[in-house]
Amino acid sequence: MMLAVFILMTMVLGACSSESSGESDNADGSKTISFIHWRGEDKEVFDKLIEKFEKENEGIKVDMTIYPSEQYQSTAQTLIRDGEVGDVFTSFPGSQFEIMDKAGLMTDLSGEEFISNFNESLLEAGQKDGKQWAVPYQLVFNQPVYNKGIFEELGIDIPESWEEFLAMNETLKENGYSPMAFPGADIGPGQLMNSMMMNNATDEDIFTQLENGETKLTDEWWVKTLSQFKELADKGYFQDDSLGTKHDGAIALMAQEKAAMLGSGSYAMASIKEQNPDMELGLLAPITVPADEAVYEGIHTTTFMMAVNKNSDTKDEAKKFIEFLSQPENASTYANETGQHLTVSDVNYESEVLKNTADWMDKETRFQPRYLINSADIEKAVIASIQSVIGGTDPEEAAAEAQKVVDQFVE
């Protein structure tokens with residue numbers, strides 16, 4: 001009899017626990033929304049903004065959880081599926097956004113008033129089938145960061161062709177610098193590939209064509225890109241053991257002025273400045289063709305795409321939080337304290353880093369090609385081919401191996 005009572009109480013408590021976990025009401029009557037993302041370097045400013053949001057919106061609390069970016073890429077869909085986590089969640093554009101969309105995990109934000117707080121031309125990455133499923137928050141430039149002081153010291157002008165880019169790297173190497181700190185162990189290949197290929201394949205639909213079988217990685221545009229990666233590696237323009245270097249390590253090389261460039265993007269500039277506040281930084285992109293054949297000057301991405309979980313019990317509160325972050329005053333706080341350009345209109349950029357790179361908002365840049373690969377498997381194969389040639393594999397062989405993967409997914 002006691003056993004029966006115990007089992008009954010356990011079942012009742014379990015049911016209560018299950019029911020309460022689906023609700024977001026706290027004992028004091030407030031509601032808690034879960035906010036998940038991958039930007040660990042932004043924790044301090046988000047803590048400040050969340051504190052302000054909670055004061056302005058009594059009855060709503062925000063529980064923020066931050067995951068390493070690689071873990072977030074692979075597990076976010078599972079985390080948010082049941083609505084218990086990630087009332088507001090973030091997504092990378094491209095394959096992760098496509099996965100979230102196909103799984104039906106996002107709430108349609110098309111009619112929300114806060115959409116007008118954003119620059120309309122920068123919202124496309126979060127749209128599908130005529131609806132706004134997520135709002136990109138950050139505008140970043142995915143191309144190498146460079147040390148202006150070193151360039152001025154050596155009298156180096158920004159290269160406008162592949163020959164000039166190689167000559168610049170040789171000058172840096174001759175003067176004792178690693179020309180480029182390349183984080184080949186994690187994000188480097190997937191970042192540098194964009195500016196390396198932007199003028200080798202100027203059609204912005206090139207990866208759609210790849211996935212449709214209309215072009216191949218064994219065609220000239222990709223083999224040439226791989227050959228140029230190999231040339232940089234063979235000539236010693238990356239640091240030793242570049243394939244074993246992670247982004248944090250590459251940032252340290254840049255901050256210590258052992259390397260003159262960093263092969264990632266503008267989002268790393270704040271971290272470099274944190275370690276070396278006196279360093280003046282700029283952005284440049286390798287031009288892989290003769291100057292008169294260049295179509296694009298660089299790469300941009302609208303990312304950190306905020307969405308509301310379709311399975312959330314606190315959708316209204318989640319939307320209020322996104323609205324709060326999109327208000328120009330709060331967006332300006334985030335931008336200046338993180339060193340990020342944003343998609344929000346009327347942001348007041350005050351930080352030195354942002355002022356130094358503001359001119360890139362007016363240059364002829366192309367949306368990051370890698371994020372236009374819808375298949376995560378194909379994306380991995382493309383990136384692996386870059387790592388392979390840096391490791392010494394012949395470009396045509398590396399391209400052929402990657403194409404074998406692509407062929408498995410071509411419709």
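# Helices in a predicted model

Biologist: Is helix α7 buried or exposed in this structure?
Modeller: This is a predicted model. In it, ten of the ten residues of helix α7, residues 188-197, are buried, so α7 is largely enclosed by the rest of the structure.

Biologist: Which residues are those buried ones in α7?
Modeller: They are G188, P189, G190, Q191, L192, M193, N194, S195, M196 and M197.

Biologist: What about helix α13, and which of its residues are buried?
Modeller: Helix α13 covers residues 328-338, and its buried residues include N330, A331, S332 and Y334. A335, N336 and T338 are buried in α13 as well.

Biologist: What do the buried residues of α13 pack against?
Modeller: Their partners include the helices α2 (43-56), α11 (269-275), α12 (315-326) and α14 (352-357). The strands β6 (135-140) and β12 (341-342) are also among the elements they pack against.

Biologist: Let us turn to the whole protein. How many helices and strands does it have?
Modeller: There are 16 helices and 13 strands. Of the 411 residues, 53% count as buried.

Biologist: Why does the radius of gyration agree with a compact globule?
Modeller: A compact globule of 411 residues would have a radius of gyration near 22 Å, and the protein has 23 Å, so the two agree. The C-alpha trace spans about 80 × 50 × 45 Å along its principal axes.

Biologist: And what share of the contacts join residues at least 24 apart?
Modeller: The share is 76%, counted among contacts between residues at least 6 apart in sequence.

Biologist: Now for helix packing. What describes a pair of packed helices?
Modeller: Such a pair is described by the angle between the two axes and the distance between them.

Biologist: At what angle do α9 and α15 pack, then?
Modeller: Helix α9 (residues 220-234) and helix α15 (residues 376-390) pack at about 40 degrees, and their axes are 8 Å apart. The two helices are therefore oblique to each other. The crossing of α9 past α15 is right-handed.

Biologist: Which residues meet there?
Modeller: From α9, the residues are W222, L226, F229, K230 and A233. From α15, they are V382, S385, I386, V389 and I390. This contact divides into eight nonpolar residues, one polar and one charged.

Biologist: What is the angle for α3 and α4?
Modeller: Helix α3 (residues 69-80) packs with helix α4 (residues 95-102) at about 15 degrees, their axes being 10 Å apart. That angle makes α3 roughly parallel to α4. Here α3 passes α4 in a right-handed crossing.

Biologist: Which residues meet in that pair?
Modeller: Y72, Q73, A76, Q77 and I80 of α3 meet Q96, I99 and M100 of α4. The residues of this contact are five nonpolar, three polar and no charged.

Biologist: One last topic, E164. Where is its place?
Modeller: E164 lies in helix α6, residues 162-174.

Biologist: Why does E164 count as partly exposed?
Modeller: E164 counts as partly exposed because its relative accessibility is 41%, and that category lies between the cut-offs of under 20% for buried and over 50% for exposed.

Biologist: Which residues is E164 in contact with, leaving aside neighbours within four places in sequence?
Modeller: Those contacts are with I158 and P159. D234 is 70 residues from E164 along the chain, and their C-alpha atoms are separated by 17 Å.

Technical notes:
Residues are numbered from 1 along each chain as its sequence is written. This is a predicted model: local features need pLDDT of at least 70, side-chain atom pairs count only at pLDDT 80 or more; totals for chains, interfaces and linings use all residues. Side-chain values use heavy atoms; hydrogens and water are left out. Axes are lines fitted to C-alpha atoms, for helices over the stretch in contact, and angles run from 0 to 180 degrees between N-to-C directions. Helices (H or I, at least four residues) and strands (E, at least two) are DSSP runs, numbered from the N terminus. Angles under 35 degrees count as roughly parallel, over 145 as roughly antiparallel, 65 to 115 as roughly perpendicular and the rest as oblique. A crossing is left-handed if the near helix is turned anticlockwise from the far one by less than a right angle, and right-handed if clockwise. Contact means heavy atoms within 4.5 Å. Ala, Val, Leu, Ile, Met, Phe, Trp, Tyr, Cys and Pro count as nonpolar, Asp, Glu, Lys and Arg as charged, and the others, Gly among them, as polar. The radius of gyration is taken over C-alpha atoms; the globule rule is 2.2 Å times the number of residues to the power 0.38. Buried means under 20% relative accessible area, exposed over 50%, partly exposed in between (1.4 Å probe, protein chains only).
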